[in-house]
Amino acid sequence: MSNESLANLLREERRFAPPADLAAAANVTAEAYEQAKADRLGFWAEQARRLTWAAEPTETLDWSNPPFAKWFADGKLNVAYNCVDRHVENGLGDRVAIHFEGEPGDSRSLTYADLQREVAKAANALTELGVQAGDRVAIYLPMIPEAVVAMLACARIGAPHSVVFGGFSADALATRIQDADARVVITSDGGYRRGKPSALKPAVDEALTRPGTENVRSVLVVRRTGQETAWHEGRDVWWHELVDRQSEQHTPEAFGAEHPLFILYTSGTTGKPKGILHTTGGYLTQVAYTHHAVFDLKPESDVYWCTADVGWVTGHSYIVYGPLANGATEVLYEGTPDTPHQGRWWEIVQKYGVTIFYTAPTAIRACMKWGDDIPAKFDLSSLRVLGSVGEPINPEAWVWYRRNIGADRTPVVDTWWQTETGGIMISPLPGVTETKPGSAQVPLPGIAATVVDDEAREVPDGAGGYLVLTEPWPSMLRTIWGDDQRYLDTYWARFGPGQSATGVAWRYFAGDGAKKDDDGDIWLLGRVDDVMLVSGHNISTTEVESALVSHPKVAEAAVVGATDPQTTQAICAFVILRGSASESEGLVEELRAHVAKALGPIAKPKRILPVAELPKTRSGKIMRRLLRDVAENRALGDVTTLTDSSVMELIQSKLPTAS
Ligand code: WT7
């Protein structure tokens, strides 16, 4: 990205210092950066001591065959023991692990002692079904405690799980079962969504008719909604019949630190989904450390809530493994934020006295759109740290979040990471960092990240390019399941290995555009496929979107570059207006001028289309590919991963020139 255009882009001057009381008692202080800088591997070896090992590792990192890393390779541990049993052994059996809140309003709390019994029974049940260490188990469940129990039971017996998001179709489920060659599927009759029971089991039945799924011997079915369910005798087993009659005793076996823990498929906008493989010792070390550091978790007093689904990596690392390894008390919520009313989340924060809240920008923008008066009706004074993850957060959404949810008092931590990185990589620390709305800012202690240009040269402060990770990290993906070559090609071929002072340097290419500001802080600019080329200038979709959202009449915006004969690409924006704003020619002009003023005339959108909804994947990412199809008058590509495919018909009807 040229410096000249960068100078125009995103001039965000607001700064927020950590609250003094939080800083004074923070889990992690500025010293951690120094310590990790002086001895990075020593720092991670020390973090590994947060875990209870059956055999302590003597080696930290084996990088003798890059980019295939081994962390703590001669250590042995059991992940479920670390997340559950050891807390009970330490006298914390009565501490609540999970406050479950069902969408219809049912609730139940599980202590660590309860969780230990449930996980032991489920582990015994899987063993009875013939599951052995190394066998893959697919999990296709709603957000109910059994999802957490099932994951931990798999971890306990060394069977890697592959969690498939409950909103995915039979097709998506079938491809994931085939690719991982799963032996058992754990599912439920259904779950509650938007006030209604929504079936899950039929998708499993359909997926298992596809070739390549024959090795699935058993389907273990949780009864959640009580709806009618087709039954395959000899294959299907009710959870309450099999699991409930098992012994509550189960001796956890210790596995090597590089034993696979899970495969998780990335949404991937192109090509077949990539099965990201994570292992145990390094993964658990980093998710436990980052959860402790980034959220300043005080397990004896905090109530933590991450609103993600366990079907995404955020749910794996920051609902299941990180918080439970740290002995946290957390909320698990089954449903959507606006059922039965738009204050449902805030009602839950009030009910449980949630202190740490972690969500995604897309949800924050939805809440902004619903209005400030909704969170204002609830007592949110328990909150002390707010987090964001999933995409760049627009400065306006960041500031709204801090003001309306955090009473202008709580730090907001914008956490950058990926399915592939396993844990948080770049984020402010709530007791240390003076935050900047819209920026993830600094690599965590022990993490090495920078921004490089096309030739893999580190860019100076104030310039932009591609985000790279320059040293291996404990929770890094180990490979793509069954495809080492694709692992090399996708992440490591682009920027390495090149020569550096210390020899051959491997740089991990994250696929994100980024820039360093004058302080050297990192700003994420979205996937590199989301950078537009307009009259020779690289302009990030994120920055134009942020400029649009900073206008009081805009609730949400999605920007794409459409092929243009004059300018290579032309900026085309789709905007959702705030409640009372009405569309008019005048408003469109006003918005174009607003962007030009914020970012410079080069970033002024050629077209702005007010729409009612934006096309999003189920993880909340805007599908710009489809908007580009609309903007370029093409037939629409694959819409199967959209939450609501009718959204596209609505949008197309707005475009006079589109077919
Ligand atoms: C991609 C990874 C990490 C869990 C959820 C997403 C984008 C994620 C941020 C952030 C800017 C972000 C990146 C990244 N992303 N967090 N704080 N700021 N961008 O996991 O589905 O693997 O997606 O999400 O583009 O590469 P994922």
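This is a predicted model: local features need pLDDT of at least 70, side-chain atom pairs count only at pLDDT 80 or more; totals for chains, interfaces and linings use all residues.
Residues are numbered from 1 along each chain as its sequence is written.

Let me stay with this part of the chain for a moment. Strand E31, residues 568–577, is mostly covered, with 8 of its 10 residues buried; a residue is called buried if 20 or more other C-beta atoms lie within 10 Å of its own, exposed if 12 or fewer, and partly exposed in between, the C-beta atoms being placed from the backbone. Strand E30, residues 554–564, runs antiparallel to E31 and is joined to it by 10 bridges, where two strands count as paired if DSSP finds at least two bridges between them. The two form a hairpin with 3 residues between them, and Glu556 stands opposite Ile576 in E31. E31 is also joined to strand E32, residues 607–610, by 4 bridges, this time in the parallel sense, with Phe574 opposite Leu609 in E32.

What about helix H18, residues 541–549? Of its 9 residues, 9 are buried, so the helix is largely enclosed by the rest of the structure. Among those buried residues are Glu543 and Glu545, together with Val544, Leu548 and Val549.

Now to the annotated positions. For "binding site", again in an unreviewed entry, UniProt lists Arg193, Arg194, Gly195, Lys196, Thr314 and Ser535. These span 343 residues in sequence, and the farthest two C-alpha atoms are 50.0 Å apart, so they do not all gather at one spot. Gly195 sits in the loop between strand E9 (190–193) and strand E10 (196–199), and Gly195 is exposed, with 12 other C-beta atoms within 10 Å. Leaving aside residues up to four places away in sequence, Gly195 touches Thr339 and Pro340, contact meaning that the C-beta atoms, placed from the backbone, lie within 7 Å. Ser535, for its part, lies in the loop between strand E28 (531–534) and strand E29 (537–540), and Ser535 is exposed, with 12 other C-beta atoms within 10 Å. With the sequence neighbours up to four places away set aside, Ser535 touches Thr567, Thr568 and Ile602.

Which residues come nearest to the ligand? Of the 22 residues around it, they are Pro392, Trp416, Gln418, Thr419 and Leu524, where near means that the C-beta atom, placed from the backbone, lies within 6 Å. Helix H12 (313–325), strand E26 (508–516) and strand E27 (522–527) are the elements that give two or more residues to this shell, and E26 supplies the largest share, 3 residues. By type, the shell divides into 9 nonpolar, 9 polar and 4 charged residues; Ala, Val, Leu, Ile, Met, Phe, Trp, Tyr, Cys and Pro count as nonpolar, Asp, Glu, Lys and Arg as charged, and the others, Gly among them, as polar.

Finally, some strands elsewhere in the chain. Strand E18, residues 356–359, is covered on both faces, with Ile356 and Tyr358 buried on one side and Phe357 and Thr359 buried on the other. E18 pairs in the parallel sense with strand E16, residues 303–306, over 3 bridges, and Tyr358 is the bridge partner of Cys306. E18 also runs parallel to strand E19, residues 385–388, through 4 bridges, where Thr359 has Ser388 as its bridge partner. A further 8 strands form an open sheet of mixed pairing, in the order E12-E11-E8-E6-E7-E14-E15-E23, and its edge strands, E12 (236–238) and E23 (479–480), each pair on one side only. Within that sheet, E7 (residues 161–163) and E14 (residues 260–266) pair in the parallel sense over 2 bridges, with Ser162 opposite Ile263 in E14.

Notes: UniProt positions are given in the numbering used here, feature names are shortened, and annotations may be inferred rather than shown by experiment. Two residues are in contact if their C-beta atoms, placed from the backbone, lie within 7 Å.
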